[in-house]
Structure formats: C-alpha cells, structure tokens
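Could you walk me through how a few structural labels get decided? I would like to see each value set beside its cut-off.

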Amino acid sequence: QSEKEILPSRFSVFKDYVTTGAHHVLSGADHLLFLLIVLTAGLSLRSLIVVLSCFTAGHAISLGLCLLYGWIIPSQIIEPAIAATIIGLALFDAWINWRKQKISHYVRLVLVFICAVIHGFGLAGALNDLTQWPMGSSTMLIALASFNIGIELGQVLLAIFVIFLYYILVQKLKLVSQQKIVSFGSYTGIVMGIFWLVERL
C-alpha cells in the first residue's frame with residue numbers, strides 16, 4: 001500500500017502530480033489511440049507542437065471545471081463519449097484522406113480541442129484527492145498545474161516515439177507512405193472506437 005506525506009512539500013506535490021499526469025496518458029489505451037490518430041495526420045514539428053498544446057488546453061479546462069465547479073460527468077456517459085471522439089476524428093481523417101482534400105489547420109485544431117475537453121472529464125477521477133487541500137490554495141493549484149504538465153510530457157514522449165517510427169518506416173526504409181500511415185491510424189481508430197463504444201454502452 002502506498003504512503004503519502006501528511007504535509008508534503010510543494011516540490012513533492014509537483015513531482016507526484018507530474019508523474020500521475022504522465023502515467024494517466026501513457027497507460028490509457030483510448031487516450032493513446034486518440035493521440036496516435038491526431039499525431040499521424042500531421043507530422044511536421046510545428047503541427048505536432050500546436051496540436052499537443054491544444055489537446056493539453058482542452059484537458060486543462062475540463063479538469064479545472066471538475067475541480068473548481070464540481071462538473072463531474074458520470075463514467076457511464078463520459079466513457080462512451082470518449083470512444084465516440086475516437087470514431088469521429090478517425091472517420092473525419094479517413095474521409096479527408098480518401099478525398100485527398102486539404103482542410104484548414106484551424107478546423108482540425110477545433111475538433112481536437114473539443115475532443116480533448118471530453119477526454120479531460122474522463123481523466124478527472126485522478127484528481128479526486130485534490131479536495132484534501134483548501135479550494136484555491138497554492139498547493140491545490142500546484143497539483144492541478146503539475147498534473148497538466150505531466151499530461152503534456154506524456155504526450156511529448158508519445159510524439160517523439162511516433163516521429164522516430166515515422167522516420168524509420170517512411171524516410172529511411174521507405175516501407176510505407178505517410179498517406180498509408182494516416183489510413184492505418186484512421187481505420188484502427190474506427191474499429192477500436194466502435195469496439196469500445198459497444199463495450200461501454
């Protein structure tokens with residue numbers, strides 16, 4: 001059984017919640033799949049930085065609403081909704097890829113942001129013990145900020161892995177094209193998203 005300090009230092013709170021945030025992103029299969037769909041559709045450095053920051057911003061808003069205003073959504077609703085975001089974005093990418101159509105980068109960012117807000121409500125359970133500190137206290141705010149930093153770090157680690165894999169498969173070995181990677185990510189998202197949606201309903 002894990003033990004926690006009764007009066008933890010600010011650094012201890014920061015370290016614990018950065019670790020918790022990164023763990024929740026990297027251990028959640030649905031969040032990982034959604035991120036992979038987002039990442040494989042645009043692999044330029046600028047695109048990755050912007051889309052990951054947008055995803056983190058969406059998380060931060062929903063987590064803040066849960067913590068500060070008690071906007072808790074039951075898991076019976078939010079878990080199927082997360083699966084639906086995977087299906088929706090995967091279908092959107094598959095349609096764009098099939099039509100070979102260019103869309104505004106801002107359209108995609110808006111879609112990612114909306115989905116991120118939904119995913120954030122799913123991650124809110126990890127912050128239940130924040131209520132042990134007074135509302136609006138510096139310790140609670142440090143924990144909330146640290147959790148979001150951990151989420152961002154987890155996403156960056158995944159992005160680095162995807163870029164490395166892309167470089168090996170597409171640039172170095174020339175085994176597949178970027179279009180095929182996008183197609184693979186989209187169709188995987190559709191199949192797994194439908195599976196999770198049915199399972200959670």
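This is a predicted model: local features need pLDDT of at least 70, side-chain atom pairs count only at pLDDT 80 or more; totals for chains, interfaces and linings use all residues.

Residues are numbered from 1 along each chain as its sequence is written, and side-chain values use heavy atoms, with hydrogens and water left out.

Q: How many helices and strands does the protein have?
A: There are seven helices and zero strands. Here helices (H or I, at least four residues) and strands (E, at least two) are DSSP runs, numbered from the N terminus.

Q: Why is α4 called roughly antiparallel to α7?
A: Look at the angle: the axes of helix α4 (residues 75-99) and helix α7 (residues 178-200) cross at roughly 150 degrees and come within 8 Å. That makes α4 roughly antiparallel to α7. The axes are lines fitted to C-alpha atoms, for helices over the stretch in contact, and angles run from 0 to 180 degrees between N-to-C directions. Angles under 35 degrees count as roughly parallel, over 145 as roughly antiparallel, 65 to 115 as roughly perpendicular and the rest as oblique.

Q: Which residues of α4 and α7 meet?
A: Among them are Ile82, Ile86 and Ala90 in α4, and Val182, Ile190 and Trp196 in α7. Contact means heavy atoms within 4.5 Å.

Q: What makes the pair of Phe34 and Phe55 stacked?
A: The planes of Phe34 and Phe55 are 20 degrees apart, and their centres are 5.3 Å apart. Rings of Phe, Tyr and Trp (its six-membered ring) pair if their centres lie within 6.5 Å; planes under 30 degrees apart count as stacked, over 60 as edge-to-face and the rest as tilted, so this pair is stacked. It links distant parts of the chain, with Phe34 in helix α2 (residues 29-40) and Phe55 in helix α3 (residues 45-69), 21 residues apart.

Q: How do you know whether Phe34 and Phe55 are buried or exposed?
A: Buried means under 20% relative accessible area, exposed over 50%, partly exposed in between (1.4 Å probe, protein chains only). Phe34 has 0% relative accessibility, so Phe34 counts as buried. Phe55, at 2%, counts as buried too.

Q: Where is Gly120, and what does Gly120 touch?
A: Gly120 is found in helix α5 (residues 105-123). Not counting residues up to four places away in sequence, Gly120 touches His59, Ser62 and Leu63. Because its relative accessibility is 0%, Gly120 counts as buried.
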